[in-house]
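Open the model in your viewer and keep the selection tool at hand. The stops below are taken in order.

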Protein chains: 2
Amino acid sequence: MYFFTMTMPDETTEAAWTKLMRAQDRALSHVEAALKDAGFPPLAWYDVLLEVERAGKSGIRAIDLQQKLLLPQYGISRLLSKIEAAGYISRQLSAEDGRSQEIVITATGRQLRRRMWAVYGPAIEQAVGCKLTPSERKTLTGLLEKLTSPPADT
Amino acid sequence: MYFFTMTMPDETTEAAWTKLMRAQDRALSHVEAALKDAGFPPLAWYDVLLEVERAGKSGIRAIDLQQKLLLPQYGISRLLSKIEAAGYISRQLSAEDGRSQEIVITATGRQLRRRMWAVYGPAIEQAVGCKLTPSERKTLTGLLEKLTSPPADT
DNA sequence: CCTATTTAAATGCAAATGCATGTAATTGGA
DNA sequence: TCCAATTACATGCATTTGCATTTAAATAGG
């Protein structure tokens, strides 16, 4: 038999929670704004292009993208439609699985990704890199990593 | 005369950026899901109710809420409409400034905030508190605080 | 081999969001 | 005092998102 206490957070937890929300919002806003100012599509496009580019010639299935990018199924579906319509990727039916599709990056897609990185990279540097020392960045990464660890059950 | 280098992020910066995005997404999703599962409105409602409650009898102006919560002007405007329609706050015209309104929490609003906290608190504890030691939480908070510091110009 | 279940992806519809603009009150010159 | 600029807030419209459902293909069980 178990007693389980629905423990309330202490001040250090509340503070960490709040700062996490604020810091992420700030950093993300900065990056999204930089992309938009430069006339580029949203960050999500970059993430897709990067993964699809990494997948190489054989491409990647939508469902695998979905898992990598942690987006809902309909989110990926519609995102791919837009990126395809813009000519940066192509979707071709999978030979093995008729339900599936292989997504491949196009030449202009590769180009767009590269040009976006020229804005995205410095924006990350401004939002995160230059605010912390290398050792602080490692510490931060380690602590955030712990937060991402599998949720304690129930 | 200045030379300015658009520096690219190193691996530690990229890692910190990525983890920040992931960890925040995880934590926020967990909390939002907990609230939704319990039949409560989104987190933003809580934030509003808390600030309005803190403001006490005299209330708080929409624009002050806007600054505290870092939401766009139209976001606050519509959010307040919904929360008011649900009966948790009341908006009354300001005596001093005819453009402005004083927002005050209602009894049921106070009650809702308290009931939400019973879910929100433990959810934060699960998402953040129990994953880190108190000293780690303090370190994390400090590092995130640095990220929120004013942006380096241009 | 045939049907029930599961899986991959698309989509209709309603709600939420972003952007630009509108309205009304206040402030700040000249 | 009068009018232009600013400030506080609301809202129309287009886009995006979330949810539930649909379609079509693959798999599993008998």
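Which element gives the most to the surface near DNA strand D? Select α4(B): with four residues, this helix gives the most to that surface. Helices here are DSSP runs (H or I, at least four residues), numbered from the N terminus.

Some ground rules come before the next stop. This is a predicted model, in which local features need pLDDT of at least 70, side-chain atom pairs count only at pLDDT 80 or more, and totals for chains, interfaces and linings use all residues. Residues are numbered from 1 along each chain as its sequence is written, chains are lettered from A and ligands numbered from 1 in the order in which they are written, and side-chain values use heavy atoms, with hydrogens and water left out.

Now select DNA strand D and what surrounds it: 18 residues, each with a heavy atom within 4 Å of the strand. The closest are A:Tyr74, A:Gly98, B:Lys36, B:Ile63 and B:Ser77.

- B:Ser77 has a polar side-chain atom 2.6 Å from a phosphate oxygen of DNA strand D.
- B:Gln73 has a side-chain N or O atom 2.9 Å from a base nitrogen of DNA strand D.
- B:Gln101 has a side-chain N or O atom 3.1 Å from a sugar or linking oxygen of DNA strand D.

Finally, select chains A and B.

Notes
Polar contact = N/O pair within 3.5 Å; in protein donor to acceptor, adjacent residues only side chain to side chain. Helix = DSSP H or I, 4+ residues; strand = E, 2+ residues; numbered from the N terminus.
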